[in-house]
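Dear colleague,

Please find below the structure that I am handing over to you. My findings follow it, beginning with the packing of its helices.

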Amino acid sequence: MDLIPHPDSPHSDNSGGVGGGGGGGGVGSVSGALSPAGASSAGAVSALASPSRYESQKRRDWNTFGQYLRNHRPPLSLARCSGAHVLEFLRYLDQFGKTKVHTPACPFFGHPAPPAPCPCPLRQAWGSLDALVGRLRAAYEENGGRPENNPFGARAVRLYLREVRDHQSRARGVSYEKKKRKKAPAHPVPAAVISSSSSHDGNGHHHYEHHQMPPPPPPGAAA
């Protein structure tokens, strides 16, 4: 999702970590003094320590939300944040959206591929908002928040996301419903396989062969 950058955020100074400023030089000098075995171990530790794309995005989202709380009038602490404040934050992000959401008066309302431009507003896509709330919900608890007080899991937030999904689905002419996987039909055993394991005795009776290991020879039998 497209969020506005916050270079003045106190958390963003550390997001570069190893890659920025004088920190990079320090790491380079240390790795140059290591033996080949030590360098390979340091590389393995660095690979394990580097956050995934999801973790990096979650950290940026959390920093953005923290900046929003600090800029709020009056400023809000995380402990006082409620589901209503989360809704304010989500609506605030709409001004940075890039998804065209047609109004009911637009001739392209419900058209999945409009043939011409229109003056309808740009909004955050429902999928982006849904993923954002999921990341912030996890980040809230990772930063010491209690699950029962998590504002990102509030009922009002879930209802808002459902309304955005339904409205954008109608306005854009797209479906957000998950497709159900069809169960593979059970394959019957071919008749050829059954007939291959049976024999006919000429009297209309089928004798089925049971493939078993032969019994062991009796004691004292000649080899």
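In this predicted model, the axes of helix α4 (residues 83-93) and helix α6 (residues 155-172) come within 8 Å and cross at roughly 30°. Axes here are lines fitted to C-alpha atoms, for helices over the stretch in contact, with angles running from 0 to 180 degrees between N-to-C directions. Helices are DSSP runs (H or I, at least four residues), strands likewise (E, at least two), and both are numbered from the N terminus. The crossing angle makes α4 roughly parallel to α6; angles under 35 degrees count as roughly parallel, over 145 as roughly antiparallel, 65 to 115 as roughly perpendicular and the rest as oblique.

On the α4 side, G83, V86, L87, L90 and R91 meet A156, V157 and Y160 of α6, where contact means heavy atoms within 4.5 Å. By class, this contact of α4 with α6 has 6 nonpolar, 1 polar and 1 charged residues. For these classes, Ala, Val, Leu, Ile, Met, Phe, Trp, Tyr, Cys and Pro count as nonpolar, Asp, Glu, Lys and Arg as charged, and the others, Gly among them, as polar.

Helix α4 also packs with α3 (53-71). The angle between α3 and α4 is about 105°, and their axes are 11 Å apart; these two helices are therefore roughly perpendicular to each other. T64, F65 and Y68 in α3 meet H85, E88, F89 and Y92 in α4. The contact of α3 with α4 has, by class, 4 nonpolar, 2 polar and 1 charged residues.

Which residues of α4 are buried? They are G83, H85, V86, L87, F89, L90 and L93, buried meaning under 20% relative accessible area, exposed over 50%, and partly exposed in between (1.4 Å probe, protein chains only). These buried residues pack against α3, α5 (126-142) and α6.

The loop between α3 and α4 holds two further points of interest. A cis peptide bond joins R73 and P74, with omega about -5°, and P74 is found in this loop. Most residues other than glycine have a negative phi, and most peptide bonds are trans. L78 lies in the loop as well and is partly exposed, because its relative accessible area is 28%. Not counting residues up to four places away in sequence, L78 touches W62, F65, L69 and Y140. L78 and Y140 are 62 residues apart along the chain, and their C-alpha atoms are separated by 9.0 Å.

For the protein chain as a whole, the secondary structure comes to 7 helices and 4 strands, in the order α-α-α-α-β-β-α-α-α-β-β along the sequence. Of the 223 residues, 25% are buried. Among contacts with a separation of 6 or more, 59% are between residues 24 or more positions apart.

Please also note the confidence of the model. The chain averages a pLDDT of 74, and 57% of the residues score at least 70; pLDDT is the predictor's confidence in each residue, from 0 to 100. Values stay under 50 over residues 1-36 and over residues 193-199. Where pLDDT is low, the predicted coordinates should not be read in detail.

Residues are numbered from 1 along each chain as its sequence is written, and side-chain values use heavy atoms, with hydrogens and water left out. As this is a predicted model, local features need pLDDT of at least 70 and side-chain atom pairs count only at pLDDT 80 or more, while totals for chains, interfaces and linings use all residues.

Yours sincerely
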